[in-house]
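Here is a friendly walk through one protein model, written for someone who likes to check coordinates. Have the sequence and the 3D view open as you read.

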Amino acid sequence: MDPYSNPIAVVEDPYIRGLSYALVHGMYIKLLLWPVFLCYDYSMDAVPLVESLQDARLLLPCAAYLGFVLCGCHTLQRLTVRGAHSAKGAVLGLAIFVLSFLPMTNLLFPIGTLVAERLLYLPSIGFLVVLVCFAYDWARGPVRWLAFLLAGMLLAWWWWLCHARVGDWMTVEQITLVDGLKQLRSSRTQFNLANLYLQSQRMDEALAAYRRAVAADPQERDSQPLYHAGQILMYKGHYQEAETLLHKAVTGYFSPLTLHEEEVWHDYALALWHVGKHMEAAENFQNAIITNPSFPKGHNNLACALVLLGLSSQPVNMPLVQQGLQAAEHAITLAPLVPLYWRNAAVLLSLAGDLAAAQGAWERFRQMDAPTAAREEVQGIPRSLEFYFR
């Protein structure tokens with residue numbers, strides 16, 4: 001089971017698992033009766049585990065179970081009354097509720113979500129049938145006016161909540177912002193909120209939201225918020241902290257459909273390079289290329305790392321330099337229209353002593369980006385390299 005969709009299902013202790021599922025049952029009933037807090041996600045720490053019977057939150061499922069038993073008893077008692085046709089309707093409503101609610105209780109099998117408001121669509125039909133049948137009985141009694149008053153107030157309140165929630169769902173950005181600011185303990189709402197901030201270049205707010213997404217899982221297993229937080233820290237120049245987060249990202253859990261593994265290895269290697277761990281950086285650039293051989297950015301940065309490592313060795317490690325030059329050639333072959341790759345190839349060839357080839361590569365760079373080339377070639381081909389980050 002995906003620990004982010006249903007964190008209770010992966011708990012090994014059956015006692016904690018049972019108590020936590022009971023809390024979820026109570027939350028569902030609360031959503032039916034009192035839907036003031038609605039959110040599209042309740043993952044990870046949004047529903048903290050119940051580890052003891054002393055947890056006051058267990059009063060919620062106790063009240064829910066007691067209410068269901070009272071409804072059942074009242075319905076059975078009404079069945080004994082001659083002509084009480086509403087009781088038959090209440091039996092139907094209870095049956096609809098039980099049959100549709102039971103599969104989502106996690107008692108028969110674990111399901112792929114913890115709390116999902118959409119799963120209450122069918123149980124709500126049974127709930128409303130029971131409510132209408134009970135209201136019908138009360139309307140025939142001495143408190144008829146009170147029953148109509150309460151029913152009218154309840155319907156008006158539910159209509160207002162529905163109207164307000166429809167506004168929240170007008171756009172993807174709106175629901176992401178509203179629920180992200182409301183549900184601070186869900187890893188997914190915070191991750192999506194951070195992505196929204198990142199698209200608007202609100203780096204500080206995005207980093208804070210990514211940190212909340214990471215904190216929602218004490219085991220820090222989700223690679224995505226770790227990776228993006230590390231990227232922002234690198235962008236800000238905080239390489240030491242970026243290295244720590246990206247190291248956790250390369251060992252964490254992620255879906256290849258939403259996050260490319262080679263990008264994680266690559267940015268981790270870049271952070272290592274900036275903190276002075278050059279050999280480890282080269283190894284992780286190679287990990288990125290092993291993961292995806294058609295990764296031009298990885299080849300380019302691996303070339304820079306290997307040539308600089310080879311030239312800084314005593315004596316010069318020419319095999320390492322040649323390996324780096326081959327990586328630069330791979331980058332150009334895969335992405336021949338990227339000026340930076342030609343520029344770096346020219347610098348690397350110049351550092352390696354192949355001035356003729358370096359001049360040819362620089363000429364290609366000049367043709368592709370003449371203003372930058374003119375600005376940099378004051379005293380010939382520059383000797384500084386540019387690692388490709390974005």
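## Salt bridges, pockets and annotated spans

Asp-45 is partly exposed, with a relative accessible area of 25%. Its salt-bridge partner is Arg-185, and the closest N and O atoms of the two are 3.0 Å apart. Asp-45 sits in the loop between α1 (14–33) and α2 (59–79), while Arg-185 sits in the loop between α6 and α7 (187–199), so this pair ties together parts that are 140 residues apart in sequence. Arg-185 is partly exposed as well, at a relative accessible area of 44%.

Before going further, a word on confidence. This is a predicted model, and the protein chain has an average pLDDT of 89, with 94% of the residues scoring at least 70. Helix α6 (residues 172–182) has the highest confidence, at a mean of 95, and helix α5 (residues 144–168) the lowest, at 85.

### More charged pairs

Side chains of opposite charge can pair when their charged atoms come close. The structure holds 14 salt bridges, and three of them are set side by side here.

| Salt bridge | Closest N to O distance |
|---|---|
| Arg-185 and Asp-45 | 3.0 Å |
| Glu-220 and Lys-248 | 2.8 Å |

Take the pair of Glu-220 and Lys-248, whose closest N and O atoms are 2.8 Å apart. Glu-220 belongs to the loop between α8 (203–215) and α9 (223–236), and Lys-248 to helix α10 (residues 239–250); the two are 28 residues apart, and the pair links distant parts of the chain. Glu-220 counts as partly exposed, at 28% relative accessibility. Lys-248 is likewise partly exposed, with 28% relative accessibility.

Is Lys-297 buried or exposed? At 10% relative accessibility, Lys-297 counts as buried, because the cut-off for that class is under 20%.

Salt bridges also join into a network, which links Arg-165, Asp-168, Asp-179 and Lys-182.

Rolling a probe the size of a water molecule over the atoms shows where empty space is left. The largest pocket has a volume of about 810 Å³. It is lined by 29 residues, and those closest to its centre are Ile-29, Ala-64, Gly-67, Phe-68 and Cys-71. Helices α1, α2, α3 (85–101), α4 (121–139) and α5 each supply at least two residues of this lining. The largest share comes from α2, with 8 residues. By residue class, the lining of the largest pocket has 22 nonpolar, 6 polar and 1 charged.

The second largest pocket holds about 680 Å³ of space. Of its 22 lining residues, Leu-31, Pro-35, Leu-38, Glu-117 and Tyr-121 are the closest to the centre. Which elements give two or more residues to the lining of the second largest pocket? They are α1, α4 and α5, and α5 gives the most, with 5 residues. The lining of the second largest pocket divides into 18 nonpolar, 1 polar and 3 charged residues.

### What the record lists

In an unreviewed entry, UniProt lists residues 5–68 as "domain: DUF1736". Over residues 5–68 the chain is 47% helix and 0% strand, with the end C-alpha atoms 28 Å apart.

The UniProt record (unreviewed entry) also places the feature "transmembrane region" at residues 21–38, 58–77, 89–112, 118–136 and 143–161. In the model, residues 21–38 are 72% helix and 0% strand, and the end C-alpha atoms are 19 Å apart. Residues 89–112 are 54% helix and 0% strand, and their end C-alpha atoms lie 32 Å apart.

One last stop is Ala-135, which lies in helix α4. Ala-135 is partly exposed, with a relative accessible area of 26%.

Technical notes. Residues numbered from 1 in each chain as written. Predicted model: local features only at pLDDT ≥ 70, side-chain atom pairs only at ≥ 80, totals over all residues. Heavy atoms only, no water. pLDDT = per-residue confidence, 0-100. Helix = DSSP H or I, 4+ residues; strand = E, 2+ residues; numbered from the N terminus. Salt bridge = Lys/Arg side-chain N within 4 Å of Asp/Glu carboxyl O. Buried < 20%, exposed > 50% of the residue type's maximum accessible area, 1.4 Å probe, protein only. UniProt positions renumbered as here; feature names shortened; annotations may be inferred. 1 Å grid on protein atoms, 1.4 Å probe; cavity = no way out; pocket = protein on both sides within 12 Å on 5 of 7 lines; lining within 4 Å. Points joined across faces, edges and corners; volume = space filled by probe spheres on them. Nonpolar A, V, L, I, M, F, W, Y, C, P; charged D, E, K, R; others polar.
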